[in-house]
Amino acid sequence: MAKGRQEEIIRAASKRFARHGFNKTTLEEIARDVRIGKPTIYHYFKSKDELFYSSITFQSSQFIEDIKAIFNNQELPVGARLLEYFAFKESIYQRYNLLYNLMLSLFKDDSLEKEKQIFQSLLQKETEVVGLILSSIYTGRIESMNPSLPFYIVHLSWGLMFSTLIKEFNSDSRSVNMKDLMFKSLETLLS
């Protein structure tokens with residue numbers, strides 16, 4: 001029951017932090033959302049900071065599980081899985097607002113060391129997932145996969161997310177569908 005209660009607190013905190021940010025979220029609001037007293041939060045977490053980092057780590061884990069589900073979908077051909085992965089990354093700012101804000105904070109260099117560690121861990125896990133799927137899909141098709149290819153794909157997909165947001169401000173009808181362009185580039189690399 002303790003583990004369930006802790007996760008319930010983290011889920012409620014994740015929603016609050018994503019919606020209102022760290023500074024505007026109070027532990028009283030989180031406790032009210034879970035229908036517990038504020039002291040119960042302190043039973044599981046030493047501070048608001050610890051709960052915040054636990055919330056980011058929780059979203060990171062959910063994010064990785066979603067990526068695994070995309071790549072493990074055997075009903076879709078490989079190309080469709082990659083396209084779904086890119087589409088998923090384009091919507092991260094809606095689905096995983098804490099991760100999105102963490103990324104923005106890292107760009108502004110406002111981040112704390114703990115935030116950098118969480119994001120580095122996320123990138124490492126995501127690269128491992130992409131590497132596993134690429135090596136299993138392309139075994140026999142290519143002699144050996146360049147070990148930096150999964151890293152490249154992960155970083156390109158993060159760039160794709162931001163290029164999609166920037167594209168919303170560009171009314172130029174010549175703008176390229178970045179997802180299609182990236183996929184075609186990957187097909188060329190892997191063939």
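1. **Ground rules.** Residues are numbered from 1 along each chain as its sequence is written, and side-chain values use heavy atoms, with hydrogens and water left out. Because the model is predicted, local features need pLDDT of at least 70 and side-chain atom pairs count only at pLDDT 80 or more, while totals for chains, interfaces and linings use all residues.

2. **Overall make-up.** The chain has 10 helices and zero strands; helices here are DSSP runs of H or I with at least four residues, strands are E runs of at least two, and both are numbered from the N terminus. Buried residues make up 41% of the 191 residues, where buried means under 20% relative accessible area, exposed over 50% and partly exposed in between, with a 1.4 Å probe and protein chains only.

3. **Surface and contacts.** The accessible surface comes to about 11100 Å², of which 52% belongs to carbon and sulfur atoms; areas are from the Shrake-Rupley method with a 1.4 Å probe, and for residues only the protein chains shown count as cover. Among contacts (heavy atoms within 4.5 Å) with a separation of 6 or more, 67% are between residues 24 or more positions apart.

4. **How α1 meets α2.** The axes of α1 (residues 2-24) and α2 come within 9 Å and cross at roughly 135°. Axes are lines fitted to C-alpha atoms, for helices over the stretch in contact, and angles run from 0 to 180 degrees between N-to-C directions. The pair is therefore oblique, given that angles under 35 degrees count as roughly parallel, over 145 as roughly antiparallel, 65 to 115 as roughly perpendicular and the rest as oblique.

5. **Who makes that contact.** From α1 come R5, E8, I9, A12, A13, R16, F17 and K24, and from α2 come E29, I30, D33 and V34. These residues divide into six nonpolar, no polar and six charged; Ala, Val, Leu, Ile, Met, Phe, Trp, Tyr, Cys and Pro count as nonpolar, Asp, Glu, Lys and Arg as charged, and the others, Gly among them, as polar.

6. **The buried side of α2.** L27, E29, I30, A31 and V34 are buried in α2. The buried residues of this helix pack against α1, α3 and α4 (48-71).

7. **A residue to look at.** R35 lies in the loop between α2 (27-34) and α3 (38-44). R35 has a positive phi of about 65° although it is not a glycine. Most residues other than glycine have a negative phi. R35 is also exposed, with a relative accessible area of 77%.
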